[in-house]
Amino acid sequence: MKNSDEFNRLHTQFDIDDPVFAERFEAVMDHLVAQCPVAHSDRGAGYTVFNRYQDVRRCAQDWRTFSSADGWMLNPPEGNIKILPEDLDPPYHSHWRRVLNPFFSAEAVAPLEAAARQYAGALITRFAARGQCEYVADFAAQLPGLILFRHILPVPVADLPTLFADIDVYSFGDMAARTPAFGRVYTYLQHFLEDRATQPPRGDLVDVILAGVENEVGEPCSWADKVHVALDVVFGGLATTTHAMSGAILALAQAPALRRMLREEPATLPTAVEETVRLYAPVVAVGRSVRADVVVGAITLKPGDRIALNYAAASRDPDVCSNPQDFDVHRHEVVHTAFGVGPHRCLGEHLARLEIRIAIEEFLRQIPEFELEPDTQPLYESGQLRTMKDLRLRWRTSP
Ligand code: HEM
């Protein structure tokens, strides 16, 4: 009851950057799904927020009516640059997905398993004998970048710390610091692509981005669009996976029975990964622009209106997921929207699943029993993206 009173203001004054999301995320999302299928925000130009699975799914699939071309950000900072293919509609969007998808299919990412396991094992070995770690910095913020920047968009290893720092500021830093940080990553990737364009082709993702595709008017796409595709892969693939694997380890730290289950019944791991993404959804909500008169539920929308698809709330909708608050590795099917729905469904979903599974397996292999450091709580940053910033763990070490 107290929660309801406190959260009711979000029905008409929704703000994705409200501190309440960082502090009370699960409670607010459950409240919105139960009490407020459609919320409204007056921030910026204003937007309507869909919180339930069926509405979110319908809008995400109907790209003609709900366009991505004005950008995924609800309150974009000044000078914001688009990322592609995220901020495109078909057919140009489909041209990019056709050439990018083969590098991210389940079959294409499977061979990365051995390297990912090796990186994960080595990171954990560094702190296993210490009996404690700050999981985000010591592990989760590192593994996705090691895989992405060594195997998919291979950049010089010496450049990684600066690149990671700028990506972190852009995603979660002060609003004033975000645009400059984005600019630095942009410039870095631009120079990286320029340099690769002078080298013989290697048959990798970078070559495909450099080759480009036809744009919406049937002409070769611009150089800038190629840089914006590289940006999307970079920004899409790091903080998201960091948050999900941190969520998995937090869930395990709090539930001895879950740790035992995953150790004794490894066949439940894929469901555990899906539950992780559903309950620790890193892409909380995305924006779309309405292109035609349309009614969704009881809401009438007109061309030019902005909407937000609340993927995190829709993934906790009891209409499609029984007992949605439970991390249940015995679900027959995990229905959620955490990887998106429709043409923009996550390009990196199979890679993300692989990384999260390996993060769980390798942690349990080296540190089977662990818990939250007493008197600590995980710290989060929340906005359209959500990530864990601090997760302190401890365990017994052998003498
Ligand atoms: C747990 C990890 C991840 C989650 C939960 C996640 C979630 C999402 C979601 C919800 C979307 C759809 C956005 C929309 O509807 O507008 C999306 C798109 C995208 N994701 Fe992911 N993502 C993850 C990891 C990754 C990884 C590892 C990569 C690449 C290395 C990646 C690259 C992309 C790209 C490029 C898009 C744009 C796709 C398009 O517009 O067609 N993501 N992701």
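## A ligand shell and the helices and sheets around it

The shell around the ligand divides into 17 nonpolar, eight polar and three charged residues. Here Ala, Val, Leu, Ile, Met, Phe, Trp, Tyr, Cys and Pro count as nonpolar, Asp, Glu, Lys and Arg as charged, and the others, Gly among them, as polar. The model you are looking at is predicted: local features need pLDDT of at least 70 and side-chain atom pairs count only at pLDDT 80 or more, while totals for chains, interfaces and linings use all residues. Residues are numbered from 1 along each chain as its sequence is written.

**Around the ligand**

- Of the 28 residues around the ligand, the ones that come nearest are Gly-236, Gly-237, Gly-340, Cys-346 and Gly-348; a residue is near a molecule or strand if its C-beta atom, placed from the backbone, lies within 6 Å of it.
- Helix 12 (223-237), helix 13 (239-253) and helix 17 (349-366) are the elements that give two or more residues to this shell. Helices (H or I, at least four residues) and strands (E, at least two) are DSSP runs, numbered from the N terminus.
- Helix 12 gives the most, with four residues.

**Helix 17 and its partners**

- Helix 13 packs with helix 17 at an angle of about 35°, their axes 10 Å apart. Axes are lines fitted to C-alpha atoms, for helices over the stretch in contact, and angles run from 0 to 180 degrees between N-to-C directions.
- The crossing of helix 13 past helix 17 is right-handed; a crossing is left-handed if the near helix is turned anticlockwise from the far one by less than a right angle, and right-handed if clockwise.
- On the helix 13 side you will find Thr-240, Thr-241, Ala-244, Met-245, Ala-248 and Ile-249, which meet Ala-352, Glu-355, Ile-356, Ala-359, Ile-360 and Phe-363 in helix 17. Residues are in contact if their C-beta atoms, placed from the backbone, lie within 7 Å.
- This contact of helix 13 with helix 17 has nine nonpolar, two polar and one charged residues.
- Helix 15 (residues 269-279) also packs with helix 17, at about 110° and with the axes 10 Å apart. That angle makes helix 15 roughly perpendicular to helix 17; the classes are roughly parallel under 35 degrees, roughly antiparallel over 145, roughly perpendicular from 65 to 115, and oblique for the rest.
- Leu-269, Ala-272, Val-273 and Thr-276 of helix 15 meet Arg-353, Ile-356, Arg-357, Ile-360 and Glu-361 of helix 17.
- By class, the contact of helix 15 with helix 17 holds five nonpolar, one polar and three charged residues.

**Helix 6 against helix 8**

- Helix 6 (residues 113-128) and helix 8 (residues 143-152) pack at about 140°, with their axes 10 Å apart, which makes helix 6 oblique to helix 8.
- Helix 6 contributes Ala-115, Ala-116, Tyr-119, Ala-120 and Leu-123 to the contact, and helix 8 contributes Leu-143, Leu-146, Ile-147 and His-151.
- Those residues divide into eight nonpolar, one polar and no charged.

- Five strands form an open sheet with mixed pairing, in the order 1-2-8-5-3. Two strands pair if DSSP finds at least two bridges between them.
- Strand 1 (38-41) and strand 3 (66-67) stand at the edges with a single partner strand each, so one side of each has no neighbour in the sheet.
- Strand 5 (residues 285-290) runs antiparallel to strand 8 (residues 306-310) and is joined to strand 8 by five bridges; Ala-285 stands opposite Asn-310 there.
- Helix 3 (residues 53-61) packs on this sheet and touches strand 2 (47-50), strand 3, strand 5 and strand 8, its direction making about 125° with that of strand 8.
- Another open sheet has three strands in the order 4-12-9, with antiparallel pairing. Its edge strands are strand 4 (132-134) and strand 9 (371-372), each pairing on one side only.
- Strand 10 (residues 379-382) pairs with strand 11 (residues 386-390) in the antiparallel sense over four bridges, and a hairpin of three residues joins strand 10 to strand 11.

**Backbone details to look for**

- A cis peptide bond joins Leu-84 and Pro-85, with omega about 10°, and Pro-85 is in the loop between strand 3 and helix 4 (92-100).
- Pro-90 and Pro-91 are also joined by a cis peptide bond, with omega about 5°; Pro-91 is in the loop between strand 3 and helix 4.
- Asn-323 has a phi near 45°, a positive value in a residue other than glycine, and lies in the loop between helix 16 (311-314) and helix 17.

Technical notes
Contact = placed C-beta atoms within 7 Å.
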